[in-house]
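Please open the model in a viewer and keep the sequence panel at hand.

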Amino acid sequence: MGIQVVWLKRDLRLADHRPLVEAASRGALVLLYIYEPSIAAAPDYDGCHLEFVNQSLECLDAELAEHLGGVTYRLGEAVDVLARLHEAHGIDGLWSHEETGNALTYERDKAVKRWCRANNIPWTEIPQFGVFRPLAGRDGWAKRWDAFMSERMVSVPSMKFADVPHEGRRDVADLGIEVSTKHSAQVGGRENGLIMLDGFLTERGVNYRADMSSPVEGWEGCSRLSPHLAYGTVSMRETYQATKQAVDAWRARSKDVDIDKRWFGSLSSFEGRLHWHCHFMQKLEDQPSIEYQNMARAYDGMRDPYWNQEWFERWCAGQTGYPMVDACMRCLHETGWLNFRMRAMLVSFASYHLFLDWRPTSRYLARQFVDYEPGIHYSQFQMQSGVTGINTLRIYSPAKQVEDQDPEGLFIRKWVPELESVPKAYLANPETMPGLTQLEVGCVIGKHYPAPIVDHKTAYKTARDRVWEVRKTPAAKAEAKLVYEKHGSRKKPRN
């Protein structure tokens, strides 16, 4: 009698884990986590990802100890690890959740599929998000998503573990990567994910609709569930169902004098974001080339002549001379998290003000985001860079974002201490300070803090003209229709 292997990837939990339930009902289990050197060496991987994973695995092991088991760890490429397990113990079945990952994990999965077929081992992949394969078209997708998320969650099963050496968790030295610089990053583990979920739905989320735009208020007002969803310590289904239950609970109290009516709009917006999460992942599932190829090929080569390595490096370092841009980047270096609007502004600035190609910038930010989710990441990068052909061009004004989202300068002064003494009136554009004021506050532009890397008005107009030069062509218009048919967001069939 062989073993049933549950291959853990981005599903580091026991609850609502259908592959685990199915495998446990068929025989002795091995819960396998593979540290894959090729993935660790990829340009979108960072030590912060490994740190969050290991924290989550540590929590998972603690939970498994109550069931007299633990995770089996292996270092190596997936096919090689599975082959060695099969040779030593005999694999009767391989189980996992479907993964919408980057090109590397996609090719890895295809190689595993070939190996399983060659060795007559059934591999069952089960969806965990509202991402459907194959998908014939987008019509009806939202209704199908709702149905999937409303399905009953499976409980943690009784488990019998196979007698297989577990080995130990691996660190950055084992994988040959650098230690994370993000000393204030969120901590992994299911317990922390559940605390975040409950706290958001009962306390922190009351002003979510407004807070999610602010880099100051968003720190507490956003759900902060994104890394837990990305690595599956909390499932999307349980998040959705908990949100529904919270809405019902607040509605039951709607006539109470002390009820805060903001809850209803905030939780409605949050529920919409859960749909949005899978909507973007579905794009990458349907078209894996989105990771490295323009969604609308009419824009191929548009930015190639304008690459500027110095500008790229200054954007990466948070030294652009635009306080909100620099504060956001430096915040990422330390924490690995930003609210969505500030992420979009960072991408917009790189793509329009600096007119940098989105592929190098997307890989850089993938390493900065602890919650890096490829399906959302690359789809959003293309949208914010204006190469989908179907989305409105959004060119953010960094100065306006200061005025709208950080008018007191709390966020900027924290992350760009060079500007700590700059008067509020000049914080959005410190280069406009009179020379005497610069000397008085100890912040001379060009010496203590860089002058703006480009002029906003000039860069805005130049970028808009370059994109529209492509967008107005018949070829681009025709291709936009095809992109919409494949990826456009809609609840009803298109007429």
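Begin with the open sheet, whose five strands lie in the order 3-2-1-4-5 with parallel pairing; strands (E, at least two residues) and helices (H or I, at least four residues) are DSSP runs, numbered from the N terminus, and two strands pair if DSSP finds at least two bridges between them. This is a predicted model, in which local features need pLDDT of at least 70 and side-chain atom pairs count only at pLDDT 80 or more, while totals for chains, interfaces and linings use all residues. Residues are numbered from 1 along each chain as its sequence is written, and side-chain values use heavy atoms, leaving out hydrogens and water.

Select 71–75 and 123–126 next: these are strand 3 and strand 5, the edge strands, each pairing on one side only. From one strand to the next, the twist averages 30°; angles run from 0 to 180 degrees between N-to-C directions, with axes fitted as lines to C-alpha atoms, for helices over the stretch in contact.

Now display residues 3–8 and 29–35, where five bridges join strand 1 to strand 2 in parallel. W7 has L32 of strand 2 as its bridge partner.

Move on to W315, L346 and L365, which have the most contacts inside the largest nonpolar core, a set of 63 residues. Such a core consists of buried Ala, Val, Leu, Ile, Met, Phe, Trp, Tyr and Cys residues joined through side-chain atoms within 4.5 Å; buried means under 20% relative accessible area (1.4 Å probe, protein chains only). Helix 16 (residues 340–353) supplies the largest share of this core, eight residues. Finally, select V131, Y208, C222 and V234, which are among the 36 residues of a second, separate core.

Note on methods: Buried means under 20% relative accessible area, exposed over 50%, partly exposed in between (1.4 Å probe, protein chains only).
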